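Me: I have a structure open and would like to go through it piece by piece. Can you help me read it?

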Amino acid sequence: MPHLVILYTPNLDKPAAQGGVDMTGLCRALADTMLAVRDEQDRQVFPTGGTRVLAYPAAHCAVSDGGAAGIAAGLGGDYAFVYMNLRMAKGRSAVVHQRVGEALNACVRERFAEQLAKRPIGITVQVDEGHEVFDAKNSSLHPLFNKT
């Protein structure tokens, strides 16, 4: 952990000139943002080997009114939506929760500035701290970063 999962409308899988987003670049930027967050003692909050960002276009979707209000406003009816959920293990402070959320949201606002200015798009960023009833981890990534 942490795992950031992004679900988005498939109309964002276009070149930026056509209203799309570089999802691979977004994933890297969000992962780098997560790795840069520090706690109150100036320690890295998230383990490098456990930080993951995964993005999935929705196979099927319906957004808002289907485009009528956007068309009436002269913005077009090709609505887009992005849902981002960061899940982290419990035990971090409220200060860290806020820092993480603010850092991710700043990254999102920067990366989506053009789309927010030019098209109808909704973007949700949520941070959840888990109370897992089952949690198994199988990884050969952590040892790459846990060298003493």
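Me: Let's start with Gln115. Which helix does Gln115 lie in?
Reply: Gln115 is part of helix α4, which covers residues 113-118. Keep in mind that this is a predicted model.

Me: Is Gln115 buried or exposed?
Reply: Buried. Its relative accessibility is 6%, and the cut-off for buried is under 20%.

Me: What is Gln115 in contact with, leaving aside neighbours within four places in sequence?
Reply: Gly19, Gly20, Val21 and Ile121.

Me: OK, zooming out. How many helices and strands does the protein chain have?
Reply: Five helices and four strands. Along the sequence they follow the pattern β-α-β-α-β-α-α-β-α.

Me: What order do the strands take in the sheet?
Reply: The order is β2-β1-β3-β4, in an open sheet with mixed pairing. β2 (52-57) and β4 (121-130) are the edge strands; each has a single partner, so one side of each has no neighbour in the sheet. From one strand to the next, the twist averages 15 degrees.

Me: Then what about β1 and β3?
Reply: That pair is antiparallel and has six bridges. Ile6 is found opposite Met84 of β3.

Me: What does Ile6 touch, not counting residues up to four places away in sequence?
Reply: Its contacts are Leu26, Cys27, Leu30, Val53, Leu54, Ala55, Tyr56, Val82, Tyr83 and Met84. Ile6 also belongs to the largest nonpolar core, where Leu4, Ile6, Leu30 and Met84 have the most contacts.

Me: How many residues does that largest nonpolar core have, and which elements supply at least two each?
Reply: The core has 28 residues. The elements supplying at least two residues each include β1, α1 (23-36), β3 and α3. Helix α1 provides the largest share, seven residues.

Me: New topic: charges. Why would charged side chains pair at all?
Reply: Side chains of opposite charge can pair when their charged atoms come close.

Me: How many salt bridges are there?
Reply: Six. One of them joins Asp78 and Lys14, with the closest N and O atoms 3.4 Å apart. Asp78 is in the loop between α2 (68-72) and β3, while Lys14 is in the loop between β1 and α1; the two are 64 residues apart, so this pair links distant parts of the chain.

Me: How accessible are Asp78 and Lys14?
Reply: Asp78 is partly exposed at 38% relative accessible area. Lys14 is partly exposed too, at 30%.

Me: What does Asp32 form a salt bridge with?
Reply: Arg28, with the closest N and O atoms 2.9 Å apart. Asp32 and Arg28 are four residues apart in helix α1, so about one helical turn separates them. Asp32 is partly exposed at 41%, and Arg28 is partly exposed at 46%.

Me: And which residue does Arg38 meet in a salt bridge?
Reply: Asp42, at 3.6 Å from N to O. Arg38 is partly exposed, with a relative accessible area of 33%, whereas Asp42 is exposed at 53%.

Me: Last bit, the overall numbers. What box do the C-alpha atoms fill?
Reply: Roughly 60 × 30 × 30 Å, taken along the principal axes. The accessible surface of the protein chain is about 8800 Å², and 54% of that belongs to carbon and sulfur atoms.

Me: What share of the residues is buried?
Reply: 33% of the 148 residues in the protein chain. As for contacts with a separation of 6 or more, 75% are between residues 24 or more positions apart.

Methods: Residues numbered from 1 in each chain as written. Predicted model: local features only at pLDDT ≥ 70, side-chain atom pairs only at ≥ 80, totals over all residues. Heavy atoms only, no water. Pairing = 2+ DSSP bridges. Axes fitted to C-alpha atoms, helices over the stretch in contact; angles between N-to-C directions. Buried < 20%, exposed > 50% of the residue type's maximum accessible area, 1.4 Å probe, protein only. Contact = heavy atoms within 4.5 Å. Core = buried A, V, L, I, M, F, W, Y, C linked by side-chain atoms within 4.5 Å. Salt bridge = Lys/Arg side-chain N within 4 Å of Asp/Glu carboxyl O. Areas by Shrake-Rupley, 256 points an atom, 1.4 Å probe, with all protein chains shown as cover.
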